[in-house]
Each structure stands twice: as structure tokens, then as C-alpha cells.
Amino acid sequence: MNGANRMARILKTIVLCAAAAVAGVLPALADEAVPEAPALRWWKGNIHTHTLWSDGNDFPEMVAEWYRTHDYNFLALSDHNILSEGVKWMKHDEIVRRGGKDALEKCRRRFGDDWVETRGEPETPEFAVRLKPLSEFRALVEERGKFLMIQGEEISDKAEGKPVHLNATNIEKLIVPLGGKTVREAIEGNLRAVEDQAQRTGREILVHLNHPNFGLAITAEDLAEVLSERFFEVYNGHPGVKHLGDADHPGVEALWDIASTIRLGQLKAPPLFGLATDDSHVYHGQAGSRPGRGWIMVRSRFLTPEHLIRAIKAGDYYATSGVTLSDVRYDAELGVLRLAIEPEEGVAYTTQFIGTPVEYDAASEERKDKEGQPIRSTRKYSGDVGRVLATAEGIQPQYQLTGKELYVRAVVTSSKAHADPSYKDQREQAWTQPVGWERHVPREAAGK
Ligand SMILES: [Zn+2]
Ligand SMILES: [Zn+2]
């Protein structure tokens, strides 16, 4: 724009403003001043993470830094039954005992002496470090449209002597575990507590069930029966969570198929959606549950907790341990599920489309023990449950539904070994959400 033009434009704006003022309305902003609404895109995030606030071995701001500098866009710290808020001092000896010998030095190097608060004499048992609340450190790590911190908690409960852990993401207040006589009661009660908080505060809160095979605590039937449970971890990077199950217990992916089949076939309820998380605890290179093994990719316009969670609730996300998808699309009218894989040089991809036939009758497999109770964790299901319906090679796999599937989901397995496996022979994978089930169960049922 030359000088004369600019002057003419300014004059025109003044005249328009004056006219608008006379008319009693505000002038519209010049078009070029209004940025366009952003397009949909994928955001990478982990919503299951531990720090020194509970049993992790690094400072929360350093954990946030790790994720920020490893191309993540959002992170929820989810310590056990505690939020990173209020005043908490931790003995330095305890940090060292957890394997964080250099943690304080690393934090100093990154954030400086002015940032680190200590008390007591170094090298004495009293020497302690103050853990920073999220409200104090988030401004140091967050970047608009690039990296977002979300408040979370791992509600760590117990029932029937088994661990029942649920992650609440974007909560406002701590949720104290409610317990229960049974595993199902504990899941249900804690879910209700989160739902109550969401209602009361008007917040968008995501709650998901963690590592079902940890302590072999949650069976497929538990997952199926608690209908208020909608999300669970199909992959958790902790090496101790029995991802593959054992001789008597199905692996976590099989749990997903069994539970979804019971729900759709018998209970007329929507299937479960799967997430991948790190459940990271150790950050100094030791063996154990290290960061960077599993995450979710969420498609939304804005990097805000509400937009991310709404997209997850709508199923517009996928879980991954390394495979990147540039697109996942289900055309309900044509009944076609299409994936586009972002290829890596020299890597091959195999996609399995998995589902259960409509005619499969789960009730026919009901097995009872001597007391007439359904046999739980050792229960085996026929190969029809979560059957591989088709296999496709290449980077644009697709599946045409026949209408005879209760649901279909896709799992992509790469030829590449996982860079930091949590179990033997792990390959990089991606899991998409079940589709094609709305014809059996209306989507509205999913909102409950
Ligand atoms: Zn846990
Ligand atoms: Zn955890």
C-alpha cells in the first residue's frame, strides 16, 4: 500500500467510525485485522504422568520441559490422589533415593538459582526442596497454540484387594477415592464423583480407566458392565501393566474387543474408546516407566482443554506408540473406514481391521463356576470376538463394512521396533476408535 492509499484508507476509516458513532454502533474491524479461524489439526499429548508430587522422580516443571521439548502439544500431570497445588517440601534424600541424584542440579541448570527454593543445609538430612505448584510453573513452559498444561489426577483406588486407577483430566478439585465393595462399584463411584464435579463446575472433564491388566485387576466383563466408563488405556507404557496378558488372562487389546462385543451385542451400549499413555515415573534414564512410549493424537481447531476433550469424546483421536496417521476417516453412509499413514523411510505398515460379527452370541459362552457365578478373568472367548476381518499393507489402508459387523476398529503395526519398548518385541503401533456401531446402538447412548 503506498502513502496516498494509506492516507485515503485512514480517512475512510475515520469517516466510517464517525458515522458509526453517530449511528450508535461500533465500526467493524478491517477484514485483514481478523485472523481466520484455524483449521482442524492433530495435537500430540500425554495425559498420564507422574512427578515428585507423588511417586515420580523429577520435578513437575522438568517433566513438563521434557514433553515440551519432545514435540508434545499438551500434557496432564496426574499424580496419585494429589494435585500439584499448595505447599510441599521434599527431602532431598528422598529425591536421591528415587533415582533423582542429579534432579536438583538439572533443574537449577534449566531454570536458574532464583527459581529453585531449598531449605536446610545441603548434605544434611534436613535439606529439602520445595515442589512447585502447577499455578506457579505453567507460565514458564506453556506456549499459546504450541504447548498446554492440563490439571489431572490419577484417582488411585482399591477394591477387592485390587488396584482401581482412573485418570481425571482437566479437573478443578481433588477427588478423594471412594472405594467400593467390588471393583465395579469402585469404578462406578469414582466416575460419578468426576461427573458430579463436571456438572457442578461446568468444566469439560475426561475420565478414563487406567491399565486394566495391572494387578490383573479389571476383567473384560468389568469393563463391559460399567456403562458409564467410556475410555480406557489400550496401551500404557509402564512395563508392569501386563499389556499382553498371560496364559489365563487376555491381553489389553483382547479386553477391548470382549468388552465392546458384550456392550454392543448384549447390553445395547456403545463400545469403549482406547487411549495410549506413558504413565511415566522415571526421568533419569533408569529402567522402568520412562516417558515417550505412548500418546494420543487429537484432532481439533484449538489447543484448549475443552476442545481437546470434546474431540476425544466425539472419538476424533487415535492412540499411538509411534505410528503417525495423517488422517482417519469413517464415511458412515458408504460404510468405509479409511486411514492415511505418514510413512517413514524404509518402514512397512500392516493394518488389521478388527471386529466381531453381528451374529456372535456372547450369552452362549457364559460359563459359570460351581456356585453359579460367571467365571471372570479366566473366561475364554471364541475367535469370533475381535476377529481380524481384513489385513491391508501400505500407507492407505481401508475397509468396506458389510453391515454384518458389530463394530470395526483398525490397528496399524509398523515393521519398526519400538525405540524404547515396554514389553518384549514391541513394534510401533496406532489404534483407531471403533466405528460402524451406531447402527446397533444410537450415538446418544454414548453421551450418558
Ligand atoms: Zn496407576
Ligand atoms: Zn500412573
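Predicted model: local features only at pLDDT ≥ 70, side-chain atom pairs only at ≥ 80, totals over all residues.

Modeller: Residues are numbered from 1 along each chain as its sequence is written, while chains are lettered from A and ligands numbered from 1 in the order in which they are written.

Colleague: Is A259 buried or exposed?

Modeller: A259 is found in helix α8, residues 252–267. Helices (H or I, at least four residues) and strands (E, at least two) are DSSP runs, numbered from the N terminus. The cut-offs are 20 or more other C-beta atoms within 10 Å for buried, 12 or fewer for exposed, and partly exposed in between, with C-beta atoms placed from the backbone. A259 has 27 within 10 Å, so A259 is buried.

Colleague: Which residues is A259 in contact with, leaving aside its neighbours within four places in sequence?

Modeller: Contact means that two C-beta atoms, placed from the backbone, lie within 7 Å. Leaving aside those neighbours, the partners of A259 are A220, L223, A224 and L272.

Colleague: Which residues touch the most other members of the largest nonpolar core?

Modeller: A nonpolar core is a set of buried Ala, Val, Leu, Ile, Met, Phe, Trp, Tyr and Cys residues joined through C-beta atoms within 7 Å. The largest one has 97 residues, and those touching the most other members are V234, A259 and A319. Its largest share, seven residues, comes from α8.

Colleague: Which strands stand at the edges of the open sheet?

Modeller: Three strands form this sheet, with antiparallel pairing, in the order β13-β14-β17. Strands pair if DSSP finds at least two bridges between them. Each edge strand has a single partner, so one side is left without a neighbour in the sheet; these are β13 (325–331) and β17 (398–400).

Colleague: What is the bridge partner of R338 in β17?

Modeller: Strand β14 covers residues 336–341, and three bridges join β14 to β17. In β17, R338 has as its partner Q398.

Colleague: How are α2 and α5 oriented to each other?

Modeller: The axes of α2 (residues 60–68) and α5 (residues 134–141) come within 10 Å and cross at roughly 30°. Axes are lines fitted to C-alpha atoms, for helices over the stretch in contact, and angles run from 0 to 180 degrees between N-to-C directions. Angles under 35 degrees count as roughly parallel, over 145 as roughly antiparallel, 65 to 115 as roughly perpendicular and the rest as oblique. The two helices, α2 and α5, are therefore roughly parallel.
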